[in-house]
Amino acid sequence: MNLPTVLTLLRIALIPVFVGVFFLPFPGANLFCTALFGLAALTDWLDGYLARRLGQTSAFGAFLDPVADKLMVAAALVLLVQAISTPLMAAAAVVIIGREIAISALREWMAHIGDHGRVAVSSVGKFKTTAQMAAVLLLLYREPIGAFPTLEVGMGLLLIAVALTLWSMLHYLLAAWPVLRGVKKG
C-alpha cells in the first residue's frame, strides 16, 4: 500500500458520495457534485504522477487505476442520462461505457495470451479521456456561467469524446486484429 494506491482507493470511495450528492435536493448540489468529480479527476492525474515520480508503481496500482477511472466515469454518465434525458445523452453514455467494457476485456484477453503490448494506452485514448472528463465536468454543472453556455459546450465536448472513443476503439481493435484472426504477427 503506497500513496498512489491510497489516492486510487479514495477515488473509488468517492463514488457513492458523488452519487448521493447528485440526488441531494439543495441549491448548489450540482456545483458540489462537479467539484467531487473534479477531485476524482485530479487524483487520477496525481496518483499516476506520484507513482512515476516516487517510483511507487505496483501491479495492483496498475490494475486498480483504470478500474477506478472507469467506475467514476460510468457512474457520472449514468447520472447524466437521468439528468439530461435525451436520446443523444443515452447513446453517448452507451458508446462510452460499452467501449470501456469491450477494450478492458480485449486488454485482459491480450494479457492472458501474453500480447498485451498491442493494446497499450495510446495518445488517442489520452485525448479521449481529456475530452470526456471536460465534458462530464461541464454537464454535471449544467448551468450557464455568465454568457458561457456550459450545457451546450459540455454536449459538444461529449460528442467529440464519443468520436474519439470510437476512434480509439478502432485503433485497439486494429492493433489486436492479427491475434483476433488467429494470425499472430510480431
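Which side chain does lysine 128 meet in a salt bridge? The partner is glutamate 100, at 2.7 Å from N to O. The legends below describe a predicted model, beginning with the whole chain and then moving to single sites.

**Figure 1. The protein chain is built from six helices and zero strands.** From the N terminus on, the order of elements is α-α-α-α-α-α. The radius of gyration is 17 Å, close to the 16 Å that the globule rule gives for 186 residues, so the protein chain is as compact as a globular protein of that length. Along its principal axes, the C-alpha trace spans about 55 × 40 × 25 Å. Buried residues make up 40% of the 186 in the chain. Among contacts with a separation of 6 or more, 74% are between residues 24 or more positions apart.

**Figure 2. Lysine 128 and glutamate 100 pair between helices α5 and α4.** The two side chains form a salt bridge with an N to O distance of 2.7 Å. In general, side chains of opposite charge can pair when their charged atoms come close.

**Figure 3. Arginine 11 forms salt bridges with aspartate 44 and with aspartate 69.** In the pair with aspartate 44, the closest N and O atoms are 3.7 Å apart. Arginine 11 sits in helix α1 (residues 3–23) and aspartate 44 in helix α2, so this pair ties together parts that are 33 residues apart in sequence. In the pair with aspartate 69, the N to O distance is 2.9 Å. Aspartate 69 lies in helix α3 and arginine 11 in helix α1, so this second pair ties together parts that are 58 residues apart in sequence. Arginine 11 has a relative accessible area of 1% and is buried. Aspartate 44 counts as buried at 17% relative accessibility, and aspartate 69 counts as buried at 17%.

**Figure 4. The salt bridges of the whole structure number seven.** The pair of lysine 128 and glutamate 100 is one of the salt bridges, with 2.7 Å from N to O. Elsewhere, salt bridges that share partners join Arg11, Asp44, Asp47, Asp65 and Asp69 into one network.

**Figure 5. Leucine 42 is a residue of helix α2.** How accessible is leucine 42? Its relative accessibility is 48%, so leucine 42 counts as partly exposed. The C-alpha atoms of leucine 42 and arginine 11 are separated by 9.5 Å, while the two residues are 31 apart along the chain.

**Figure 6. Helix α4 (residues 87–112) has 26 residues.** At 1.5 Å a residue, the helix should span 38 Å, and its end C-alpha atoms are 37 Å apart, which agrees. The buried residues of α4 are Met89, Ala92, Ala93, Ile96, Arg99, Glu100, Ile103, Leu106 and Met110. An α-helix has 3.6 residues a turn, so residues three or four places apart point the same way. Which helices do the buried residues of α4 pack against? They pack against α3, α5 (123–141) and α6. Just after α4, glycine 114 takes a positive phi of about 80°.

**Figure 7. Threonine 150 belongs to helix α6 (residues 150–180).** Its relative accessible area is 0%, under the 20% cut-off, so threonine 150 is buried. Not counting residues up to four places away in sequence, threonine 150 touches Leu138, Tyr141, Arg142, Glu143, Pro144 and Ile145.

**Figure 8. Met1, Leu3, Val6, Leu9 and Leu54 form a nonpolar patch on the surface.** Together these residues have about 490 Å² of accessible area. Leucine 54 is located in the loop between α2 (29–53) and α3 (59–83). With a relative accessible area of 44%, leucine 54 is partly exposed.

Terms used. Residues numbered from 1 in each chain as written. Predicted model: local features only at pLDDT ≥ 70, side-chain atom pairs only at ≥ 80, totals over all residues. Heavy atoms only, no water. Patch = residues over 30% accessible without salt bridge, like charges linked within 9 Å, V, L, I, M, F, W, Y side chains within 5 Å. Areas by Shrake-Rupley, 256 points an atom, 1.4 Å probe, with all protein chains shown as cover. Salt bridge = Lys/Arg side-chain N within 4 Å of Asp/Glu carboxyl O. Helix = DSSP H or I, 4+ residues; strand = E, 2+ residues; numbered from the N terminus. Buried < 20%, exposed > 50% of the residue type's maximum accessible area, 1.4 Å probe, protein only. Contact = heavy atoms within 4.5 Å. Expected span 1.5 Å × (residues − 1). Rg over C-alpha atoms; globule rule 2.2 N^0.38 Å.
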